[in-house]
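Here are some notes on the model you sent.

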Amino acid sequence: MSYADKVFIDMCRDIIDNGTDTRGEKVRPKWEDGTPAYTIKRFGVVNRYDLSREFPALTLRRTAIKSCTDELLWIWQKKSNNINDLHSHIWDSWADENGSIGKAYGYQLGVKHQYKEGLFDQVDRVIYDLKNNPYSRRIMTNIYVHQDLHEMNLYPCAYSMTFNVTKKEGHDKLTLNAVLNQRSNDVLTANNWNVCQYAVLVHMLAQVCDMEAGELVHVIADAHIYDRHVPVIEELIAREPLPAPKFWLNPKVKDFYDFTRDDVKLIDYETHEQIKNIPVAV
Ligand SMILES: Nc1nc(=O)c2c([nH]1)NC[C@@H]1CN(c3ccc(C(=O)N[C@@H](CCC(=O)O)C(=O)O)cc3)CN21
Ligand SMILES: O=c1ccn([C@H]2C[C@H](O)[C@@H](COP(=O)(O)O)O2)c(=O)[nH]1
């Protein structure tokens, strides 16, 4: 069975059985009808995925790999903050009349910073360090920029990646690992969505830097299940996990900026039926 399913089931069980409830407290998000969106939450969840063994897609329900890759490329490759550059409508509720989500996500990754070797944005700096100084312990991004928070419609949730390179015995290539730091995670809507997109990112960066993909460690400060999602989660985690799919990344692509969502595929991705019309708290 898919290892990601096991991690997801254990995490959800733990949140529901051992988490704390925000019901009746002052909370920011609301449901579409204006009702406060309360959660059951667990502080400090850490999940590890070994990308050299399996791609961490859930089989309990289908994760839209092309849409989540599209959002990842919107942020990391197009470095855009405008929903008109995105193929899906997942950000529509947080955009202004021009389609902007403010100085969030892609905007921050496109800002150039001065380094000893010259001006780089954070993505190009990561690629430069992975190619030129792979054993550096300083290869990371951070888009949680306090001075710009007042110009963001939603503060970044998955806000930092720390890359770390190791060498496996008997392997010619170096191994690329990463820690994804996330301050807040809507477990039903976006847990596996975020995990799959950052797994894709590690695979892409490994390929263009001539490395192998290793571990992805997902650190979540506030892992929560919204009140209206609890019955859906109960139904999902009662399902029997299926085998993990195989991951395909177009091996011809050698430049990070050449990847498109069509260069990513899940082969033999068998899943249980999708749960439609899941409400998203705004
Ligand atoms: N409450 C909340 N939860 C989130 O997960 C979230 C936000 N807000 N605000 C900003 C973004 C938007 N995110 C979203 C929103 C919707 C989907 C979603 O509906 N996904 C569907 C279909 C996507 C498609 O195929 O285009 C899915 O089945 O995964 C995913 C991520 C993640 N983020
Ligand atoms: O990539 C994402 C983006 C957003 N989320 C979720 C996490 C929260 O439920 C909301 C944001 O609300 P805050 O009050 O700002 O925490 O969006 C996610 O899980 N993944």
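**Notes on the model**

1. The largest cavity is lined by Ile75, Trp76, Leu109, Thr141, Ile143, Ala158, Tyr159, Ser160, Met161 and Tyr198. The model is a predicted one. Of these lining residues, eight are nonpolar, two are polar and none is charged.

2. Two elements, helix H2 (65-76) and strand E6 (158-166), each contribute at least two residues to that lining. Strand E6 contributes the most, with four residues.

3. The volume of the largest cavity is about 50 Å³. Searching the whole structure gives one cavity of 30 Å³ or more.

4. On annotation, an unreviewed UniProt entry places the feature "domain: Thymidylate synthase/dCMP hydroxymethylase" at residues 7-277. Across residues 7-277 the chain is 26% helix and 25% strand, with 24 Å between the end C-alpha atoms.

5. The search of the whole structure finds zero disulfides. For cysteine 12, the nearest cysteine sulfur belongs to cysteine 196 and is 14 Å away. Cysteine 196 is likewise in no disulfide; its nearest cysteine sulfur is that of cysteine 68, at 5.4 Å. A disulfide here requires sulfur atoms within 2.5 Å. Cysteine 12 is buried, at 0% relative accessible area, and cysteine 196 also counts as buried, at 0% relative accessibility.

6. Twelve aromatic pairs are present in the structure. One of them joins phenylalanine 120 and tyrosine 128, with 5.1 Å from centre to centre and 55° between the planes, a tilted arrangement. Phenylalanine 120 is buried, with a relative accessible area of 13%, whereas tyrosine 128 is partly exposed at 27%.

7. Tyrosine 144 and tyrosine 159 form an edge-to-face pair, because their ring planes stand at 65°, with the centres 5.9 Å apart. Tyrosine 144 sits in the loop between strand E5 (140-142) and E6, and tyrosine 159 sits in strand E6, so the pair ties together parts 15 residues apart in sequence.

Note on methods
Residues are numbered from 1 along each chain as its sequence is written. Chains are lettered from A and ligands numbered from 1 in the order in which they are written. This is a predicted model: local features need pLDDT of at least 70, side-chain atom pairs count only at pLDDT 80 or more; totals for chains, interfaces and linings use all residues. Side-chain values use heavy atoms; hydrogens and water are left out. UniProt positions are given in the numbering used here, feature names are shortened, and annotations may be inferred rather than shown by experiment. On a 1 Å grid over the protein atoms alone, a cavity is a set of points where a 1.4 Å probe fits but cannot get out, and a pocket is an open set with protein on both sides within 12 Å along at least five of seven lines; lining residues have an atom within 4 Å of a point. Grid points are joined across faces, edges and corners, and a volume is the space filled by probe spheres set on the points. Ala, Val, Leu, Ile, Met, Phe, Trp, Tyr, Cys and Pro count as nonpolar, Asp, Glu, Lys and Arg as charged, and the others, Gly among them, as polar. Buried means under 20% relative accessible area, exposed over 50%, partly exposed in between (1.4 Å probe, protein chains only). Rings of Phe, Tyr and Trp (its six-membered ring) pair if their centres lie within 6.5 Å; planes under 30 degrees apart count as stacked, over 60 as edge-to-face and the rest as tilted.
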